[in-house]
Structures are given as structure tokens and as C-alpha cells.
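Hi,

Here is the model I promised to pass on. Have a look at it first, then read my notes below.

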Amino acid sequence: MDAIVFLNEQFEHIFGRLPEKMGFAPGRVNLIGEHTDYHGGHVFPCALTLGTWGAAARRQDKLVQFYSVNRSDAGIVVRRLGFVPDPRRRSWADYPLSMMCSLAEHGFPCESGVDLLLYGDLPVGAGLSSSASVEVLTGVLLRALFGFDGLSDEDLAKYAQYAENRFIGVNCGIMDQFSSALCKRNHAMLLDTLTLQRQYAPLRLEDADIIVTNSGVKHSLASSAYNRRRQECEAALRALSEQSPLSALCALTPEEWEMRKDAVTDPVCQKRARHAVYENQRTLDAFSALEEGDLRAFGALMNASHRSLRDDYEVSCPELDLLTQLAWEIEGVYGSRMTGGGFGGCTVSIVRRDARKSFTETIGKVFREKVGRDPLFYVVGPGAGAHLI
Ligand code: GLA
């Protein structure tokens with residue numbers, strides 16, 4: 001069914017009137033540049049055509065009412081305007097609510113209450129940024145409802161990241177929110193997370209597709225592992241800075257790192273930092289490879305990225321390693337790697353179209369035998385960033 005018709009119907013059914021504004025914000029898949037966005041490095045994501053759809057209308061009073069079609073079991077969640085989510089008592093509505101709080105803190109408070117209805121077609125907890133898409137979409141809808149002057153898409157991305165850090169308690173980087181707000185259809189976005197400068201590269205994959213494979217292992221970013229990686233890398237940066245000042249790990253080229261790495265005496269911190277430095281270089285090389293239309297080189301960099309995430313950064317898991325290992329062995333697969341925060345979630349693979357069938361059949365069969373369930377495959381097209389519909 002058409003999204004506009006669906007949103008209108010649902011909104012009227014739940015709130016008894018029609019919405020004023022409707023919008024969409026996508027999830028993302030990161031092609032390469034993993035765990036670099038909090039080290040001042042580069043990332044290279046594209047938006048998906050899957051994401052979160054939403055409809056909203058202002059209220060006369062100071063209540064905010066949230067309804068998720070996906071979480072109809074939770075009913076309408078009602079809060080007072082200004083309510084601050086408590087990270088210890090989680091509700092799905094904390095995601096839109098934390099974006100509201102973040103906007104208010106940054107000088108864009110809602111003047112009245114709001115009714116907000118959301119519907120998402122992204123798998124949750126699969127590392128495809130469903131939470132960033134909810135936060136960014138909330139921002140897009142509130143900006144349209146209240147006419148927040150001067151609030152740019154870039155601001156929305158930053159305030160959504162703030163919402164996640166401050167109110168959800170996940171110390172994530174800027175990639176997910178930036179991708180959801182600022183990616184362009186048919187393009188991947190090379191984002192320098194130090195300067196926030198971005199370059200768009202047309203995704204000319206010719207005879208190939210991007211296939212996202214969901215391991216079905218739910219990752220939990222809030223789990224201490226993500227924050228612990230940050231701390232280990234901060235320790236490495238401190239050790240390097242004592243030697244001579246350094247703004248961020250990814251400010252080092254691999255050559256500079258090799259000359260200075262002995263300053264990091266803890267072997268675990270050294271591995272983590274090595275991943276950040278080399279992954280940043282791989283991302284820049286992958287951008288050039290794509291510009292030259294060299295999918296083989298691009299794929300080889302993806303494979304190297306996975307090995308580094310598995311061995312040095314240690315954020316993979318057996319199911320993701322199995323999916324990539326199987327993919328690497330299939331003729332016609334350019335490259336395959338885990339994508340997103342890790343510890344579960346998805347892999348991303350560039351697969352020649354004539355190999356698609358053997359990809360899904362072979363991987364499906366072995367995964368089923370070894371893990372006991374089917375992996376899910378999504379052939380994804382690079383979609384547009386958040387927008388009103
Ligand atoms: C999660 C975070 C991002 C980024 C990735 C890893 O998706 O939200 O900021 O750090 O993990 O690249």
C-alpha cells in the first residue's frame with residue numbers, strides 16, 4: 001500500500017484525526033570504515049530504502065503521545081512535554097522522546113504537545129540504524145510542525161547523536177545519524193568524521209548488487225563492549241599524545257603509526273588502535289577504487305576490513321565470521337564484511353548478479369546446518385536521506 005495512504009489511515013485510526021506532516025528517514029549500511037567514526041576517521045555508508053515512516057500533528061495541550069505500528073502491544077505511550085527518558089526504564093518511545101529533549105536543549109523546544117505515529121520496515125537490533133532513523137525522523141517532523149528556523153539537516157544529525165549519547169546512554173559516533181539525515185539516492189557518502197566534510201560517490205556497481213545478510217544475532221550497542229572499545233582507544237591516544245601531541249588516532253597514516261606504535265605498551269590497546277588507523281586508510285582507498293570502477297579492489301578492502309574487525313578490534317562473532325567466510329568462497333562475490341557496531345547484526349556483500357542465487361542458496365544451507373536457523377537476505381538499493389513525504 002502507498003505509504004501516504006497507510007500513514008493517514010493508521011494515524012486517523014489511532015488519534016482520531018489526520019496528521020499534519022509525514023516523513024521518512026532511512027536506515028544505513030556502512031560499506032567500509034567501521035569503528036572509525038569516534039577516532040576522527042572516515043566512514044563510507046549509504047542509506048537504505050528501508051527505514052522509518054512517520055506522521056505527526058500538533059496538540060492543543062502539553063502532552064506528547066507516541067504510537068508505533070510495530071509495537072502496537074505497547075499501546076499509546078503518553079508523556080508530558082519536557083519529560084526526560086530514564087535510561088534504566090526503557091520504552092521504545094524513549095528514542096523519539098530523547099530527540100525532542102535534545103532539540104529543546106539546543107534551542108528548539110516544541111511549543112505544544114504532539115501526536116506522533118511511527119512505522120518501520122527495518123529489522124531492529126540488526127545494526128542497520130533503526131534507532132538513528134527514528135531520531136532523525138522525529139527531528140524532521142518536529143522541524144516541519146514547528147517551523148524551527150535555521151535547523152539544518154546537519155544539525156539534526158548532530159542533535160540526534162547527542163540524543164543517543166545523552167539520553168539513551170550509547171556513546172556512539174556520528175555515522176548513523178549523519179547517514180540517515182544526509183545520504184543521497186544512488187550514492188555512498190564519504191564522511192570525514194573529524195571535519196564533517198562529505199563527498200558523495202555514485203554507486204556504480206554495474207553487474208553487482210549490495211546484499212545485506214542478517215545473522216539474526218541481536219546486537220546490543222548499549223552493552224559495555226562498545227564503550228569499552230572507546231576507552232581502550234582513548235588510552236592508546238593518550239599514550240601516543242604523551243610522546244607528541246595527536247588530535248585523534250585516525251590523524252595518523254599507517255606509516256606514521258608504524259613509527260610511533262611502541263608508545264602504546266598495552267597489547268590490547270595497540271591492536272585496537274591499529275584497526276582504527278588501517279581501517280581509515282582502507283576507507284580512503286575504497287573510495288578511490290569505487291571512483292575508478294574497480295570493484296575487485298573495493299571488495300578486497302572490504303574483506304581486509306572484516307579480518308581487522310575480527311582479529312584486532314574483536315567486535316565480530318562466530319555467526320558473522322561464518323557468513324563472511326562462506327561469502328568469500330563463492331565465485332562472483334567481490335567482497336563481504338560485517339557492518340555496523342558488530343557483536344551480531346548483519347554482513348554487507350557486493351555480489352555479482354549472476355552469483356546471487358548461489359550466494360543465498362549456499363550461505364542459507366550451511367548457515368542453517370551450523371546455526372540452526374535461516375539467515376535473512378536483503379538486496380538493498382542505495383536510498384535517499386530523510387525527507388518529508
Ligand atoms: C554503531 C555506532 C556508529 C559506529 C558503528 C561502528 O553503528 O552507532 O557510530 O561507531 O557502530 O562503525
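Predicted model: local features only at pLDDT ≥ 70, side-chain atom pairs only at ≥ 80, totals over all residues.

Before the walk-through, a word on naming: helices (H or I, at least four residues) and strands (E, at least two) are DSSP runs, numbered from the N terminus.

Residues are numbered from 1 along each chain as its sequence is written, and side-chain values use heavy atoms, with hydrogens and water left out.

Glu206 has a phi near 50 degrees, a positive value in a residue other than glycine. For cover, I call a residue buried under 20% relative accessible area, exposed over 50%, and partly exposed in between (1.4 Å probe, protein chains only). Glu206 counts as exposed because its relative accessibility is 62%.

His35 also has a positive phi, about 55 degrees, although it is not a glycine. His35 sits in the loop between β1 and β2, and it counts as buried because its relative accessibility is 4%.

**The ligand**

His35 takes us to the ligand. There are 13 residues around the ligand, with Glu34, His35, Asp37, Asp176 and Tyr226 the closest; a residue is near a molecule or strand if one of its heavy atoms lies within 4 Å of it. For polar contacts I use a pair of N or O atoms within 3.5 Å; within protein, one must be able to donate a hydrogen and the other to accept it, and residues adjacent in sequence count only if both atoms are side-chain atoms.

- His35: a polar backbone atom is 2.7 Å from an oxygen atom of the ligand.
- Asp176: a polar side-chain atom is 2.6 Å from an oxygen atom of the ligand.
- Tyr226: an N or O atom in the side chain is 2.6 Å from an oxygen atom of the ligand.

How much of the ligand's accessible area does the protein cover? On its own the ligand has 300 Å² of accessible area, and the protein covers 97% of it (Shrake-Rupley method with a 1.4 Å probe; for residues, only the protein chains shown count as cover).

Asp176 belongs to the buried residues of helix α5. That helix covers residues 175–182, and eight of its eight residues are buried. They pack against β1 (21–32), β2, α3 (130–146), α4 (153–168), β6 (187–192) and β7 (198–202), where contact means heavy atoms within 4.5 Å.

**Around Thr52**

Thr52 lies in strand β2, residues 42–58, and counts as buried because its relative accessibility is 5%. Its side chain makes a polar contact of 2.6 Å with the side chain of Ser133.

In β5, the bridge partner of Thr52 is Gly120. Strands β2 and β5 run antiparallel and are joined by seven bridges; two strands pair if DSSP finds at least two bridges between them. Strand β5 (residues 114–120) is mostly covered, with six of its seven residues buried. β5 also pairs with β3 (residues 63–68), in the parallel sense and over five bridges. Within β5, Asp115 stands opposite Gln65.

**The four-stranded sheet**

In what order do the strands of the open sheet come? The order of the four strands is β9-β10-β8-β11, with antiparallel pairing. At the edges are β9 (333–339) and β11 (376–380), each pairing on one side only. Neighbouring strands of this sheet are turned by 25 degrees against each other on average, direction ignored. Axes here are lines fitted to C-alpha atoms, for helices over the stretch in contact, and angles run from 0 to 180 degrees between N-to-C directions.

Strand β8 (residues 208–214) is joined to β11 by five bridges, and Thr213 stands opposite Phe377 in β11. Helix α10 (residues 318–328) packs on the sheet, touching β8, β9 and β10 (346–352), and its direction makes about 175 degrees with that of β9. Helix α11 (residues 356–371) lies across β8, β9, β10 and β11, running at about 160 degrees to β11.

Val371 is found in helix α11 and is partly exposed, with a relative accessible area of 27%. Leaving aside neighbours within four places in sequence, Val371 is in contact with Glu319 and Leu322. From Val371 to Gly120 it is 251 residues in sequence and 27 Å in space, C-alpha to C-alpha.

Happy browsing!
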